[in-house]
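Visitor: Could you take me through one part of this structure in detail? I am new to it, and I would like a close look at the cavity and what surrounds it.

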Amino acid sequence: MNGVATASALNLASALRGAGIGNQAVLSVVAKTPRELFLDAALGHKAYENTALPIGQGQTISQPYIVAKMTELLLESKPKKVLEIGTGSGYQAAILAQLVDELCTVERIKSLQIQARQRLKRLDLHNVSFKYGDGWKGWANKGPFDAIMVTAAAASIPQDLLAQLGSQGVLIIPVGQETQQLLRVTRYGDDYRSEMIEMVKFVPLVNGDLA
């Protein structure tokens, strides 16, 4: 990052701390990750605003607060192997890849997946596996996972994702349609316990894949 971007990223991390994000590792990664890399050049000047922005194909790059909050929640269980559903721009994947040993990420829109892969390569992040496919189905042959993060809102919790959680694995997922709740679901054997974190707004998690 250049000096201006670095200062802006540090200011963003400071703002997130003020908004309640307490995990210093998350804040440090936000402060050093060039969010402008994940946006069209025309939106680069908005890269360090705490707001969601369009990335094409009807998708968005999530608000930095939500990225940090979901990451903080996921890290509480100290996961090593993580599945992300909805690669999108690749920004959330870039944050996660710097904080966990292994990241698997699934995207249903091929053009977005290609761009995200190129961006993470530019950042020299090589602990990420990419899959083009239906996020509702997860990535069964890579599981089980210590944690799963879903970056789009599901009408209901996908059963395939629950099945791919390891013992005491954690699923972070927004659920709902017009009104959405960010849930943390923890697996205990064959039982799952759900906790509502806060109200959120995401694009929908759509079935199927799209070229």
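Guide: The lining of the largest cavity is made up of 15 nonpolar, twelve polar and three charged residues, where Ala, Val, Leu, Ile, Met, Phe, Trp, Tyr, Cys and Pro count as nonpolar, Asp, Glu, Lys and Arg as charged, and the others, Gly among them, as polar. This is a predicted model, in which local features need pLDDT of at least 70 and side-chain atom pairs count only at pLDDT 80 or more, while totals for chains, interfaces and linings use all residues. Residues are numbered from 1 along each chain as its sequence is written, and side-chain values use heavy atoms, with hydrogens and water left out.

A cavity here is a set of points, on a 1 Å grid over the protein atoms alone, where a 1.4 Å probe fits but cannot get out, and its lining residues have an atom within 4 Å of a point. Grid points are joined across faces, edges and corners, and the volume is the space filled by probe spheres set on the points. The count comes to one cavity of 30 Å³ or more, and the largest cavity has a volume of about 340 Å³.

Of the 30 residues that line the largest cavity, Q59, G86, G88, E107 and T151 lie nearest its centre. At least two lining residues come from each of β2 (59-61), α3 (64-75), β3 (81-85), α4 (91-97) and β4 (102-107), these helices (H or I, at least four residues) and strands (E, at least two) being DSSP runs numbered from the N terminus.

Note on methods. 1 Å grid on protein atoms, 1.4 Å probe; cavity = no way out; pocket = protein on both sides within 12 Å on 5 of 7 lines; lining within 4 Å.
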